[in-house]
Amino acid sequence: MKNDLTKIVISGEGGQGIQTIAKVLAESFKDSGFYVSYIPQFGPEQRGAPSISFIQYSTKEIKYPRFYKADYLIVLRERAIPATTTFVNSKTKVIFDSSTIRPNVIKQSENKKEAVPATKLAFDLFGKKNLNLIISGYLTKLFSLNEKAVWKIIKNQLQKKFSEKKDLEDNARNAFIYGYEFTSEKKNFSQPTFKTNKTIIISKNREREAFISPELCKGCGICIEKCPVGALKFGDEIGVYGNPIPEIDIDKCINCGNCFRFCPDCAIKVKKKSK
Amino acid sequence: MTKTIDKNFSMPKCFNERSKPSLYCPGCGQSIFLKHLGFIIDDLEIQGKTTLGIDIGCSLLAWNFFNFDIVQTHHGRSVPVAVGYKLSNKRRIVMSIMGDGGGYAIGLQSLLHAAFRNNPISVFVLNNTGYSMTGGQMAPTSIPGEITTTSPSGKDPKNSGKAFHGPELIKQISDNSAYIARASVSNPIMLQKMIKKTLENQIKNNSFSFLEVLTPCPTNWKTTASESFNFLSKMEKEFPIGEMTKNEK
């Protein structure tokens with residue numbers, strides 16, 4: 001073996017669980033007897049900002065955790081692409097989320113591209129929070145790690161969350177297995193269906209009308225919490241951070257104004273119809 | 001006939017709509033405060049003569065939030081810059097926005113002396129009981145028993161002190177004409193009234209005005225919407241809301 005150092009970059013949006021994937025992967029490499037380095041890119045602690053982590057593993061000692069060209073680039077959001085293009089050269093294998101990123105955005109030759117529509121799969125099958133588990137499962141297969149050993153590490157990492165709800169663990173386990181057994185898309189990529197709706201959603205009845213802008217909504221859920229009559233709940237539309245956004249039951253609404261008084265992003269408004 | 005609706009259907013007029021969605025996290029209390037500040041500026045019709053000084057910390061994410069002049073300053077030095085601006089240009093309405101780190105930790109002496117000199121500016125300190133941009137470390141304003149990244153077993157008042165009460169301290173040295181108050185984003189109507197008074201006190205009485213706003217930080221508190229408002233009500237017990245009346249001498 002002449003050069004057995006493998007360099008991996010994982011990137012996405014803050015809040016997606018990028019650093020959890022990276023930690024799990026680093027621990028698994030360590031348990032399989034490799035030398036590992038893992039370092040996150042530090043920046044402001046902020047949701048929605050690009051989050052990047054750097055992993056290296058080797059059979060020899062690793063001298064320095066940073067590097068300039070990666071062997072594998074995993075990218076999960078279009079917003080994170082500008083921050084990671086410097087790590088790509090002709091040998092880099094790019095794995096992207098085809099449900100959020102258009103294939104032609106990624107500048108890499110066709111035979112080096114692979115895709116997993118992880119966001120869509122997570123939404124459809126397991127719930128949005130399980131996106132990182134699908135990716136973890138997929139990467140376990142890619143780097144031919146022991147699936148049971150990796151699951152043990154994930155269980156340790158997420159123990160606190162699992163102990164609160166029982167069914168969460170089974171769901172997470174299913175998502176992980178699904179990702180492990182998933183065969184990635186090559187050349188025939190699925191289209192990014194997972195896009196924010198640009199138009200404003202209007203719902204109205206005889207007395208009042210409500211406007212919700214998916215382009216502005218970040219899905220914090222404050223309006224749902226503050227609604228006194230329970231007219232708001234999370235719906236199927238996607239907001240600016242790939243989050244579900246609220247939908248309004250206009251007949252239940254009493255036009256109290258709490259939702260738009262509390263909304264941090266000016267994304268909702270209800271008003272009486274003028275006659 | 002259907003009219004086309006703008007993206008900014010629910011925004012104040014003084015907002016810079018091209019910078020939206022803003023850089024703040026989902027559910028950030030600071031953007032709730034900035035929205036109501038925008039409504040008050042619209043209400044008083046002072047957009048053309050307002051200058052805002054912002055600090056290091058999450059408050060700097062407001063650098064393109066509004067369509068008026070905004071000055072980025074050094075950490076904790078947003079008050080002296082605002083004071084200097086006001087002294088040189090008396091007709092402007094000068095505001096300063098800081099976090100609790102900038103206001104009560106690194107920039108406390110600037111704040112105290114501006115209050116002591118009764119400089120006619122409006123200062124807003126947004127208190128979320130921690131240093132949020134760097135990852136939620138313990139701050140002077142953290143309430144006893146609060147779990148942060150640097151106090152994993154809860155803040156111990158023996159070593160780290162109790163929660164820091166800013167308005168109560170400033171009340172001791174400020175002029176009688178100064179307006180000093182504390183509001184919370186859990187009550188937006190009261191918040192709007194207090195923001196209005198804070199600005200009007202600068203315009204009409206030409207004296208120092210100070211407002212502390214309690215804001216939730218769901219990213220670093222690691223809370224959902226309902227949990228963050230529960231924690232906010234816990235904060236309101238520690239930091240009583242209202243206007244501070246100056247005792248007559």
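Let's start where the two chains meet: 26 residues of chain A are in contact with 28 residues of chain B, where "in contact" means that the C-beta atoms of two residues, placed from the backbone, lie within 7 Å. On chain A's side of this meeting place, helix H8 (222–226), helix H9 (258–262) and strand S11 (268–272) each supply at least two residues. Helices (H or I, at least four residues) and strands (E, at least two) are DSSP runs, numbered from the N terminus. Sorted by class, the side of chain A that touches chain B has 14 nonpolar, 4 polar and 8 charged residues. Here Ala, Val, Leu, Ile, Met, Phe, Trp, Tyr, Cys and Pro count as nonpolar, Asp, Glu, Lys and Arg as charged, and the others, Gly among them, as polar.

Before going on, a word about what you're looking at. This is a predicted model, where local features need pLDDT of at least 70, side-chain atom pairs count only at pLDDT 80 or more, and totals for chains, interfaces and linings use all residues. Residues are numbered from 1 along each chain as its sequence is written, while chains are lettered from A and ligands numbered from 1 in the order in which they are written. The model scores ipTM 0.88 and pTM 0.83. Chain B averages a pLDDT of 90, and 96% of its residues score at least 70; pLDDT is the predictor's confidence in each residue, from 0 to 100.

Now take chain A by itself. You can count 9 helices and 11 strands in chain A, and its C-alpha atoms fill a box of roughly 80 × 40 × 35 Å, taken along the principal axes. Chain A is divided into domain 1 (6–181) and domain 2 (201–272), with bounds that come from an automatic or database domain assignment. The centres of these two domains, taken over C-alpha atoms, are separated by 33 Å. Of the 275 residues of chain A, 41% count as buried. A residue is buried if 20 or more other C-beta atoms lie within 10 Å of its own, exposed if 12 or fewer, and partly exposed in between, with C-beta atoms placed from the backbone. If you take the contacts in chain A with a separation of 6 or more, residues 24 or more positions apart account for 60% of them.

One residue to look up in chain A is Asn255(A), in the loop between strand S10 (244–248) and H9. Asn255(A) has a positive phi of about 60 degrees although it is not a glycine. It counts as partly exposed because 13 other C-beta atoms lie within 10 Å.

Over to chain B, and to its sheet. This is an open sheet of 7 strands with mixed pairing, in the order S2-S1-S3-S4-S6-S5-S7. Two strands pair if DSSP finds at least two bridges between them. At the edges sit strand S2 (69–72) and strand S7 (242–243) of chain B, each pairing on one side only. S7(B) pairs with strand S5 (residues 179–184) of chain B in the antiparallel sense over 2 bridges, and Ala181(B) stands opposite Glu243(B) there.

Gly99(B) is buried because 32 other C-beta atoms lie within 10 Å. Leaving aside neighbours within four places in sequence, Gly99(B) is in contact with Asp55(B), Gly57(B), Cys58(B), Ser59(B) and Leu126(B).

Two helices of chain B also meet. The axes of helix H2 (residues 78–88) and helix H4 (residues 108–117) of chain B come within 8 Å and cross at roughly 35 degrees; axes are lines fitted to C-alpha atoms, for helices over the stretch in contact, and angles run from 0 to 180 degrees between N-to-C directions. Val79(B), Pro80(B) and Val83(B) in H2(B) meet Ser110(B), Leu111(B) and Ala114(B) in H4(B). That contact has 5 nonpolar, 1 polar and no charged residues.

Finally, Pro188(B) takes you back to the meeting of the chains. Pro188(B) is in helix H7 (residues 188–205) of chain B, and counts as buried because it has 21 C-beta neighbours inside 10 Å. Leaving aside its neighbours within four places in sequence, Pro188(B) is in contact with Arg261(A), Phe262(A) and His36(B).
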